[in-house]
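I opened the model to look up a few places in both chains and to note how each one sits. The entries below follow the order in which I looked.

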Amino acid sequence: MRVISIVAGCALPLALAGAPEPASAQGLMLTGYADFEARYAKTGPDNSEFFFDNYHFNLIAMGKLYKNLFASGEVEYEHAGEEIMLEYAFLSYTGFKNIRISAGKFIVPFGRFNKDLHPTWINKMPDRPLGMDNVLPQTYSDVGIWISGAAAVSGGTRIVYDAFVVNGLLGEDGGDIRDLRDNDREGLSAGGRDNNKAFGGRLGVELGPQGLDVGASVYTGNYFDDPTDNLTLTLFGADAAYAYKGLEVRAEAVFASQDATAGDLKKKGGYAQAAYMVRGRFEPVIRFSLKDMPGENNDQRRLSFGGNYYVSANSSVRLAYHVNMEQDAFASDNNAAVAQFNIMF
Amino acid sequence: MTRMTSALLATGLLGLAASATPARLQAQRSGVEIWSQSCGRCHLLQPAIRYTADQWETIMMDMVIFARMTDDDAAAVLAFLKGGAKKLASADPTPGSIRPLAVLASAGRPGFTLPAQPDGAALYGQNCSACHGKAGKGDGAAAAALNPKPTNLADTTFQASRTDAQLTEAIANGKGTMPGFGAGLGNDAVKALVAYVRLVGAPKAKNP
């Protein structure tokens, strides 16, 4: 904890040491993204549901406060209901060459989908892949310190890195990982505050000219504080993407090792996806995603077919059809179809 | 505490590695090339004309953090984007409405549409395409009558061998049989033309 205090204590004076500039001159921006969708899903042999959803209306404010001090925040309004949350809000110091130091609440840089690809105007399908929920609790943001950066190696090749220390996922013994991400910790004992921190990061290589990038991520921390035995959750992730002309192929895998008094839990999830842009407008997409969970009949497989039409560079219509396959292979009948319009503004 | 200390130490080492990277190892790539690669890794490329220069500065600061760009890459991309940024001739506070994807520039990689810079594209069409051709290949209608032939702007080697400053100099003051356009068009137009010439040439250089 002292280390964190020292780092934080040094960062602030360094940030303020930069030549102050009036924020008004630095283009405070209000931006964000929104989407609207219609969804039809089979919920059983004789049941189905059809509904409209205003899944996201997220506002992002960002601006330069001083020469090297930057602020960014996103307010997430989901499902046109009462779910309004702070997705992230952090301060960043960018005064060191190729190194950024951020503090506040940020999207935890684990893998690519969680931090970079989940916004609907970026995600090539209207839904998140399986595994990006109960294994990696996307969108997972947390409070702490985040250091990130890049280094040029040669040509267009870059090594990129993220490292973070955060309060960490927290919840019940053996609980669903998605339920551990709640940053509103007031309902937990002692307000969810403890001395245990979670840490991790991602190390990646971007081979720019080849259109290839790969990365590995890790997260580890106690998620349940027991007087006699702290329970740890560790996540390992691997991601890879390749782009050539109109083709983009991407895959990501997450493995979770979760301590539990009733027996340690192993979970895994991931996806592989291919998309091909035709004439810069139409983009067919196919995605296979899975999650393997403890217990009987909890594994899932999903094959998704989609097509995107880009109305503009910042808006698109996405259609997707999900073929869901449960543990009992192909027995269940809970396929779904989604039509979505999204826009980044 | 041990784990935390290790993590911070590891981060520090990474940082040192980054800062110790010799400048010569930094890729000498054009802003448009980095733009098409780095920004296109996650999302469709946004036209430079969509935002003002100030707004691009803010956005790039955000992207430097989110997209993990090097300082040099970010500076090159910012210079490119600011070159084609929206000018606020009149009060226009909107960061950008839905704009149709502009001219396809045969972007190659990720299949993204490279939106043309309207000013640069128009200026190019009016002043350059007669000799250099619509696609910059040096095959314009007037090319047959010229000797030496107009430069193939879409050529990878040519693009890699010229800095923006050299292109600016050539367009502004002329070179060989090509007249200078600086006096007649002004600095902003020349800058837009340089950006457009890069747009014409860089994608091909990336994806043969």
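**Entry 1: B:Asp72 and the ground rules**

I began at B:Asp72, which I found in helix H4 of chain B, where helices (H or I, at least four residues) and strands (E, at least two) are DSSP runs numbered from the N terminus. This is a predicted model, in which local features need pLDDT of at least 70 and side-chain atom pairs count only at pLDDT 80 or more, while totals for chains, interfaces and linings use all residues. Residues are numbered from 1 along each chain as its sequence is written, and chains are lettered from A and ligands numbered from 1 in the order in which they are written.

Is B:Asp72 buried, exposed or partly exposed? I noted 19 C-beta neighbours inside 10 Å, so B:Asp72 counts as partly exposed; the cut-offs are 20 or more other C-beta atoms within 10 Å for buried, 12 or fewer for exposed, and partly exposed in between, with C-beta atoms placed from the backbone. From B:Asp72 to B:Gly120 I read 24 Å, C-alpha to C-alpha, across 48 residues of sequence.

**Entry 2: chain B and its helix pairs**

I listed ten helices and zero strands for chain B, and 48% of its 208 residues are buried. Taking contact as C-beta atoms, placed from the backbone, within 7 Å, I found that 66% of the chain B contacts between residues at least 6 apart in sequence join residues at least 24 apart.

I then looked at how helix H3 (residues 53–66) of chain B meets helix H4 (residues 71–83) of chain B: their axes come within 10 Å and cross at roughly 155 degrees. Because of that angle, H3(B) is roughly antiparallel to H4(B). Here axes are lines fitted to C-alpha atoms, for helices over the stretch in contact, and angles run from 0 to 180 degrees between N-to-C directions; under 35 degrees counts as roughly parallel, over 145 as roughly antiparallel, 65 to 115 as roughly perpendicular and the rest as oblique. The residues that meet include B:Trp56, B:Met60 and B:Val64 in H3(B) and B:Val77, B:Leu78 and B:Leu81 in H4(B).

Helix H2 (residues 31–38) of chain B packs on H4(B) at about 105 degrees, with the axes 8 Å apart, and the two are therefore roughly perpendicular to each other. Among the residues making this contact I noted B:Val32, B:Ile34 and B:Trp35 of H2(B) and B:Ala76, B:Val77, B:Phe80 and B:Leu81 of H4(B).

**Entry 3: the nonpolar cores**

Which residues touch the most other members of the largest nonpolar core? Of its 87 residues, these are A:Phe164, B:Met60, B:Val77, B:Leu81, B:Leu193 and B:Tyr196, a nonpolar core being a set of buried Ala, Val, Leu, Ile, Met, Phe, Trp, Tyr and Cys residues joined through C-beta atoms within 7 Å. The largest share of this core, nine residues, comes from helix H10 (residues 187–206) of chain B. Leaving out residues up to four places away in sequence, B:Leu81 touches B:Trp35, B:Ala48 and B:Trp56. I also found a second, separate core of seven residues, which includes A:Ala275, A:Met277, A:Ala336 and A:Val338.

**Entry 4: chain A and its loops**

Chain A has two helices and 17 strands, and 45% of its 345 residues are buried.

I looked up A:His56 in the loop between strand S2 (47–53) and strand S3 (57–66) of chain A; A:His56 counts as buried because it has 22 C-beta neighbours inside 10 Å. Apart from neighbours within four places in sequence, A:His56 is in contact with A:Tyr33, A:Ala34, A:Asp35, A:Glu76, A:Glu78 and A:Thr120.

Next I checked the backbone, bearing in mind that most residues other than glycine have a negative phi, and most peptide bonds are trans. A:His79, in the loop between strand S4 (69–78) and strand S5 (83–96) of chain A, has a positive phi near 60 degrees and counts as exposed, with 11 C-beta neighbours inside 10 Å. A:Asn98, in the loop between S5 and strand S6 (99–107) of chain A, has a positive phi of about 65 degrees, but is buried, with 27 other C-beta atoms within 10 Å.

Last, I noted a cis peptide bond joining A:Gln138 and A:Thr139, with omega about -5 degrees; A:Thr139 lies in the loop between helix H2 (113–117) and strand S7 (141–154) of chain A.

Key. Two residues are in contact if their C-beta atoms, placed from the backbone, lie within 7 Å.
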